[in-house]
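Student: Please take a close look at a single chain and walk me through what its coordinates show.

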There are 6 protein chains.
Amino acid sequence: MAELVNERIAYHNGAYLPESRVLLPFRDRGFLYGDAVFDTTRTFRHLVFRLAEHVDRLYRSLRYVRIDPGLSPREMCAATEEVLARNLHLLDPTDDYWVSQRISRGTATVDRELNSQDGATVVIECTPLPLQERATLYRDGIRVVVPARRRTPPEALSPQAKTSNYLNMIVADQEVAAIDPGAWAVLLDMAGNLAEGRGSNLFLGRDGCLLTPPAGQLLPGISRQTVIEIAGELGIPCRETNLQLFDAYAADEAFLTSTSLCICPVRSINGARIGGEDPFGPLTRRLIRRYSERVDCDFVDQYRQYLR
Amino acid sequence: MAELVNERIAYHNGAYLPESRVLLPFRDRGFLYGDAVFDTTRTFRHLVFRLAEHVDRLYRSLRYVRIDPGLSPREMCAATEEVLARNLHLLDPTDDYWVSQRISRGTATVDRELNSQDGATVVIECTPLPLQERATLYRDGIRVVVPARRRTPPEALSPQAKTSNYLNMIVADQEVAAIDPGAWAVLLDMAGNLAEGRGSNLFLGRDGCLLTPPAGQLLPGISRQTVIEIAGELGIPCRETNLQLFDAYAADEAFLTSTSLCICPVRSINGARIGGEDPFGPLTRRLIRRYSERVDCDFVDQYRQYLR
Amino acid sequence: MAELVNERIAYHNGAYLPESRVLLPFRDRGFLYGDAVFDTTRTFRHLVFRLAEHVDRLYRSLRYVRIDPGLSPREMCAATEEVLARNLHLLDPTDDYWVSQRISRGTATVDRELNSQDGATVVIECTPLPLQERATLYRDGIRVVVPARRRTPPEALSPQAKTSNYLNMIVADQEVAAIDPGAWAVLLDMAGNLAEGRGSNLFLGRDGCLLTPPAGQLLPGISRQTVIEIAGELGIPCRETNLQLFDAYAADEAFLTSTSLCICPVRSINGARIGGEDPFGPLTRRLIRRYSERVDCDFVDQYRQYLR
Amino acid sequence: MAELVNERIAYHNGAYLPESRVLLPFRDRGFLYGDAVFDTTRTFRHLVFRLAEHVDRLYRSLRYVRIDPGLSPREMCAATEEVLARNLHLLDPTDDYWVSQRISRGTATVDRELNSQDGATVVIECTPLPLQERATLYRDGIRVVVPARRRTPPEALSPQAKTSNYLNMIVADQEVAAIDPGAWAVLLDMAGNLAEGRGSNLFLGRDGCLLTPPAGQLLPGISRQTVIEIAGELGIPCRETNLQLFDAYAADEAFLTSTSLCICPVRSINGARIGGEDPFGPLTRRLIRRYSERVDCDFVDQYRQYLR
Amino acid sequence: MAELVNERIAYHNGAYLPESRVLLPFRDRGFLYGDAVFDTTRTFRHLVFRLAEHVDRLYRSLRYVRIDPGLSPREMCAATEEVLARNLHLLDPTDDYWVSQRISRGTATVDRELNSQDGATVVIECTPLPLQERATLYRDGIRVVVPARRRTPPEALSPQAKTSNYLNMIVADQEVAAIDPGAWAVLLDMAGNLAEGRGSNLFLGRDGCLLTPPAGQLLPGISRQTVIEIAGELGIPCRETNLQLFDAYAADEAFLTSTSLCICPVRSINGARIGGEDPFGPLTRRLIRRYSERVDCDFVDQYRQYLR
Amino acid sequence: MAELVNERIAYHNGAYLPESRVLLPFRDRGFLYGDAVFDTTRTFRHLVFRLAEHVDRLYRSLRYVRIDPGLSPREMCAATEEVLARNLHLLDPTDDYWVSQRISRGTATVDRELNSQDGATVVIECTPLPLQERATLYRDGIRVVVPARRRTPPEALSPQAKTSNYLNMIVADQEVAAIDPGAWAVLLDMAGNLAEGRGSNLFLGRDGCLLTPPAGQLLPGISRQTVIEIAGELGIPCRETNLQLFDAYAADEAFLTSTSLCICPVRSINGARIGGEDPFGPLTRRLIRRYSERVDCDFVDQYRQYLR
C-alpha cells in the first residue's frame, strides 16, 4: 500500500497498520485513566536490544496492574520483531528506533465495573530516537536538577512497574525546565534518597567506584543492569546503595543511563559542577567504550553526528 | 445523520461527533502517559449540577499539570452544555448522565520535547449513570475495605488535581475486589489517616456530629462540599479533621459522597459493621432528604428503581 | 496423681502442676498490661527443636523489657525439657507439641511503682500443634492478605522482642479474616516494606533466588534462619532485602515459615495468585525436602495426615 | 465470709469474689497476648466519677479489638457500682479508689483459631489510689522526661483504644526511670509531636492560654476533657494543637491530667525548669480550684495529707 | 572619637564600640558551632518596630538552647535602643536599619565541657536595609523556587527557635540561585507542606481569602503576625493551614513577609506565574496599604526609590 | 616573640599568630550563621593522624556548602603541619593535640547577597586533648543516653558534611546532661535507627561480630574506618547495618569511636548495663590493643595517667 513508502507501521490488536490508522476510542482506559503499562527497548544498528528482558519486565508490570494482554510473551516478542522489520526500511543507516509495547486495559463501559472489558488494547510501535535533539548532551553533559517533587512511593504505585501514569515525572520535568530550560529532573524518593529520572537511572563515580541507588524506590533499568555487568567485567567496584544529595555533590563524575541514552555524562547537579571541565569522567569513558563494544554501536558518535 | 438516532454525541477538539467517530491517535499523550486531566459532573432530572464549580476545578487541575486547553472556562461550559443538549433525547426520563471534560496535552512527537505539541486534546462526553449496577448499594450499604495501598502523596502528585493518573486507585480497587468482590476501597494517606476512595469522600457520624477528612491529601469533592453546606443548614455540626481506622470503627454511621452517588450509606469497614441493621443512620437520612430537595431529585429512589 | 493420666503438666514458678491448677491472680501484670514476654519452639517426632536458640532469644526479649525471670538460661532449658518429658506420654506418635516459656513481670501492687514486684511469673507449658486445623494449608497454600494495619515500629516497641503485646497482629488478623475468612495477614512495616505475619516470616522465590525481608522491622524467626541455612546448603541464593507488594506480585513462588509451620506455601497475595496451579513452587519443594531431613520429620505429611 | 472483713471483692464473670479467689487460667488471652482492654475511673469522696463516659469509652475499645464482653454497658455500670459498694467499707474516709473493668477475649484453645473462645473474661475491681506514693508530686511537681521511644502509631494500634498492650509505655517509663528515678515519661508521636504519658495527658500554659495535643495520636482522657470544660467555664482560652519540645520549653507552666492525678503540676521537662520556683502556675492553680469544686474534693490536699 | 563620624557603633558585652573594634576570639562558640541565637527587627522612619516582641522571641530562643545571656529582657531592649540611638545620625532620612541582638554561648575551653564558659557573648548591632539590592522585587515580584532541600524538622532543631544554625537555609538558597539567579527559596517541611524561606513567611490569596502555613514547622514571624492582624481589621478571612505546592499553583496571588520585606509580592513559584501580569494582587495591595499606615512608612516606595 | 613561650600559635588567613591575636569581626558568617565547616584530627605521640584523609573530608564538606577556601588541599595540609610544628614545644610528652581547620564563608556585607564576600576565613589551630576530663571514661565506660532529639536528616543538612551547625548535637547533649550529668548523647536518625553522637560513632559487639550504623544518616568517622580496617585484620566480622535500641540492649559490648577517643567502652545505654561488670568487652579489648599498635600510642593508658 502507498502508506508503506513513507509511513511507519504499528501493531494494533492483531493487525499491522499504518500509524495514522491506529486510532483508539476515547473510552480506552489508557486515555481515560492512564490504565496501561508499557515497555521500550531500542535498536543498535537496527538490531533490537535485549528484547526478551524488556518483555519479561513488561509482563511483571502487567501482572502488577492485573491486565491480561491476551498474548504470550513469545507472541509479544514476535509481534515486536515484526513491527520492527516492517519499519527498518524507513530508517537512515546511522539512526535507530525506540520500540515499544503499550497495553491498556481496553475500553471502559461503565466506570467501576472493571471486569466488563472485552480485552486489552495492544499497540506495538517504533519511533526514531531523538538523536539530533540530544546531540549536545554528549558534548556538554546533562544538567541535572533535583526538584522538590518526590518519586511516587511504592505504597501508592510501585516505580518498579512501568505504567502509563507518568504525571509524577512529567510535572517534575516541567518544574525543572521552567527554571532551567534543558535541565533534566532526577527525583528523590520519599525518604530523601536519590531515586531516578524519567526513564533514567543515575550513577555516581567516586574514588574509582561506581555507586547507584538500589531497586525498590525506582525502576532498575536494563541499561543500568548492563552498566553493572560491564563494571564487573572491567573490574570497577559497583555498589547499589542509598545515595543522597551529599553523595552527588561529592562525586568525581556522574552519568545517567536509559534505553536510549545508554550512558550520558552529567555535567552538574543543582548547578554544582560534577568533576572538572570535561563532563566525561574516567570511569564514564571506560564504561562507554565497553558498552559501545557490547552493543556494537558507538552511540556517543551516533548522537554527536548531529553536531556536525 | 443516522447515528444521531441511537448514538451519543461527543465534543472533540471543536467538533461534535458521534462517539464512535471520536478516535485518538495512539500517540496522544493521554494514552501514552495519562498526561491529562478531567472533571465530571452529573445531571439531576436532566439538568447539570454545579457545572461552573466543576469547570473551575478542572482549570486548577490544568494549571497544576501546566496544560493549556485552548478554551476559556466559559467556552468549556458552553461546549459541555451543548454536548448535553445533543444527548438528552437518548436518556430515559428517570435516568441521568455523567458529563465529563477530558483534556490531554495532545500528541507526542518525540518523547522528552514537551513543548513541541500543537495543542491539547479536548473531549467532552456524557455517559448514563450506572444506576442499575449500584442499585443494591442503596439498599444494603457499601462494604468499604481499607487496603494496604496508600493514596499518592502530594509530594508526588497532588490528589487535589483530578488527573488521568488513576492507577493508584484502580489497583487499590482491584486488590480489594479480589478478596471481597463488590467492596469499595477507601485509602489511607501516607500518614495513616483516612483519605478517599476512587472519586468518593468519606463521612462519619458520631454522637450527632459529622466528621470528614480535611482537604490536602484528597480531592475535596463538590458533593462533599454540598453535604457540608447542607449540614450547616440542618444544624448538624461538621468537622474536617484527621480520621483514623479507630474513628471509623467507633462511628455510629458512615457514608460516601461522590458526584454520582450523592450520599450512599456505608454498611461496614473492613468487615466491621457500622451502626445497626439499617445502614441508613439518622444523620445520613436527614442529609439525603435535604440533598434530594436541593437537587430536586430523589436520587435514592432513582437508584432503587432498578431493584424493582 | 490422677490428673496425670489425662491432663498436661505445666511449670509455674518452680512447681510442676496440672494445667488446670496453674492459675494466676488477676493482678498479674501479664494480664493487666501484657507486661510479659514469651518464646515458643516445637517438637519434631517428640524431640524439641533448637531449644537453646529459642531460650537465647527469650533472654534478649527479657532484657529488652527489663524483666528478671529469676532463672538462668540453663535452668530455663532444663525446666522446659522437664515439662516436655512429663507430657510426652499424652501425645499421639504422629503429633507434636508447641513448647513455650511465658514470663510476666509478676503481680502489680500499685500501678506506677514498677519496682515493687516480688518477682516474675514464669510459666512453661506445651500444647499440641493444630495439625488438623491447618491440614488444608499444606494442600492449597495460604491465602495471604496484606492489611492496612502496619507492624508496630521499633521506635514504639521492637518487633525483635517477642512480647505478649500481640494486639497489633491480632487485630490485623481479624480485619483480614472478616473479609476473607481463612486468610492470613502479613503486615507492611511503617516504611511500606513487607514485614511479617503473626509469628511467621515471608519468603519469595524469583528467578531461582530466595528473597526475604531483613531483620529490624520484624522478628527474624529461627525457622527463617533454618531456611537461610538450608538454602546455603542447597546452593540457592538467598538475599535479605527490603521487599514490597510489587515483589510479592512478581514472585514465582512464596512461602511462610514459623516454628510450627516450618515451610508452608502461599497460594495468593491480596487475591493475586502466586505461581501456577500448584502452590508448591520448585524452590519451596526443595527446601521442604531438606528441612524435613534436617528435623527428621516429614512435616508436610504430618499436617496432611488429617486430610485423609 | 471471713475474707470480707479485710479483703476486697472483685467481679469475675458474673460472681463477686474475694480478690484472692479471682484466679485466671494461664491460657487466658489477656495473659498470653495482652488481648484485652480496660478502663479505669476513680472515686472522689467515695463517689465514682463520670462512670458512664468511662464505660462508653470502654465499649469503643472493645469494638476496636472486636471483643464481645457479654454484658451491656448498663450491666457493666451496675456491676461496677456493685463492686464499689462492696468495698467502700474498707476505705479510709480520706482515701479513694481506682475502679477498673478489664475484659480479655477469654481462654485460648489453639493459637490461630480466634473464634473458638467460649466468651470473654470480665474482671471488675478496685484499688486504693497511691496517694502516699505520689504526695511529693503535689509539692514539687512532676519531673517529665521525653524519651527516644515514640508512642505506638494508630497504623499499628490506636492509642485511642485503651488496650492491655502497655509495653510501649512501660518500657518508656523504665528507660526514663533508669536515668532519672522518679521522673515520668511523656512520649512524642511518630511525627515528633508531644503525645501522652502512661495514662496521662499534657497541658501547657503560655501567655494566659492553655495548649494540649489533639486527639488521634493519643487517648483523650476524661480528665483532660474535664479540664477543657473547666477552662471554658473560667474563660481561659484552650487550644488542641500539635505541640513540640520547643513549646514545652517555652511554656510558662505545665501540668499532667489523669483519672487519679486530676491535675498535677510539672516542674521540669528534660531537666529544663518550667515556670519559676513554684511549680503551680497561675492557670494551674485556677484550674485545680475549679476542678476540686466540681468533684467536691480537694484532691491536692488529699495527696498532700501524706506529707504531714 | 574619630570613628563615630563615619563608623557604626555596636554593643559588645557591656561596651559600645565602633564596629571594627568588635572582635571575637576564634574560640567563640558562635564561630565554632553556630552555638548562638539572634533576633532582628527593623526601623520604620528611624523608629524601631515591635522591639519588645522581638526580644520576647529572642528569650524563648535562648531558653530553647539553654543560653543565659546575662541580661534581662528589659536590659536587652535598653541596650538595643541605645545602639540604635548612637547610629541614627549615619542614616539617610529615607533609609532604615535592621537592628539585631546576637548571643553566643561564649568562649569554648575544652570541647565537651559545656559548663566551663564564663558567660555568653552579646553583640547588638544595626545595618542599613538592602533597599537598593531589593528594589526590583517591589516592581517585578519575587521568583520563588521550592528546592528539594527540606526545612530542618523540630525533632532535630526547632525552626521556632531563631538560632545561628542557618546552613539549612543558606544551602537551599545557593541551590536555587545556582539554577535561577535572583530567585528565593521557600522550603517544604519534612511532611511535604510549604514551610518558610530564609527569614520569610509565605501567604497565598485565593478566592478572596488569605492562607498561610501554621506555626510548628516554621518560625511564625512578627511581620506574619502583623499581616494576620491587619487582615482581621480589613475583614479578609485568613486561615493558618497546611499548604502544598498545589495550593501555591492554584493561588490567585502570593507574597512573602519578613521584618525587612514587610510584604513583597511573589511573581512565580517554580516558574509558574502566580496571578496575572501585575504581581501585586488585590489582597496584596490592600494589605500593603494598611501595613504602610500602621508602620507610618510607605515601604514599597522606600524600596522603589532606588529604581529611580 | 614573647607570646611563643606560653601561648599557642594559630593560622589565620595566611598569617601565623598567637591565638589571642586571632580575632574575627562579628560579621564573620561563621559567627552570624554557623556558615562554616571544619575538620579535626589529633596527634599520637605528637605525630598527626591521617591528615590527608581529614583534609579530603574537609574539602567534601566545603563543596557541599559551596565555600571556596582559597587554599588547595596540599596547602591546607602544609599549613596544618606548620601550625602543629609551632606548638609542639608547648605540649607535655605524654599529651597530644587536637588539630583543626575551620573555614567560614567570610564576612557578610548585606544579608542575602551571598556572592559579595571577598573570601573565606581560614583558621587552623590546635588544642590539648581533654585527657584529664575524660580519664574516668576509660575506667568506667561511657553512659550513653539516647534522647528524643533526632539527628538532622540529610534532606535538611547532610550529617556527612562536618559543618559548624552543631546545635542539633549540642542541645541533645544538654538535654541528656540535665537529667544524667556526665552521660553522652547518641541520637537516632529520623527513621529511628541509631545514628551517632557528637563527633562519635557507635559500635556494638554481639556473638563475636561487630555492628555499626551505615553511612548516610551520620558522618562516617575516620576512627570508625580505622576500627573497620582493624577488625578486618583481626578476622572479626564487621557489618554496617541499621541498628535500633533493641540491638543496643541486646549487645554483649559496645564502644564509641572518635578522633580523640579512638575507642572508648560504653557502660550502659539508657541506664541498661551493656555486658558485665567490666565495660571493656573482649572485642573492645582486642581492637584497642591493635589500634594502639597502629597509632603507636597506648591511648587508654594516656587517658588513664590522669587517674593516678
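Tutor: Of the 308 residues of chain A, 68% are buried, where buried means under 20% relative accessible area with a 1.4 Å probe and protein chains only. This is a predicted model, in which local features need pLDDT of at least 70, side-chain atom pairs count only at pLDDT 80 or more, and totals for chains, interfaces and linings use all residues. Residues are numbered from 1 along each chain as its sequence is written, chains are lettered from A and ligands numbered from 1 in the order in which they are written, and side-chain values use heavy atoms, with hydrogens and water left out.

Now the fold. Chain A holds 11 helices and 16 strands; these are DSSP runs, with helices (H or I) of at least four residues and strands (E) of at least two. The C-alpha trace spans about 55 × 45 × 35 Å along its principal axes. Among contacts in chain A between residues at least 6 apart in sequence, 70% join residues at least 24 apart. Contact means heavy atoms within 4.5 Å.

Next, the surface. Chain A exposes about 10100 Å², and carbon and sulfur atoms supply 49% of that area. Areas come from the Shrake-Rupley method with a 1.4 Å probe. The mean positions of its 36 positive and 40 negative charges lie 2 Å apart. Lys and Arg count as positive, Asp and Glu as negative; His and the chain ends are not counted. Each charge is placed at NZ of Lys, CZ of Arg, CG of Asp or CD of Glu.

Technical notes:
Buried means under 20% relative accessible area, exposed over 50%, partly exposed in between (1.4 Å probe, protein chains only).
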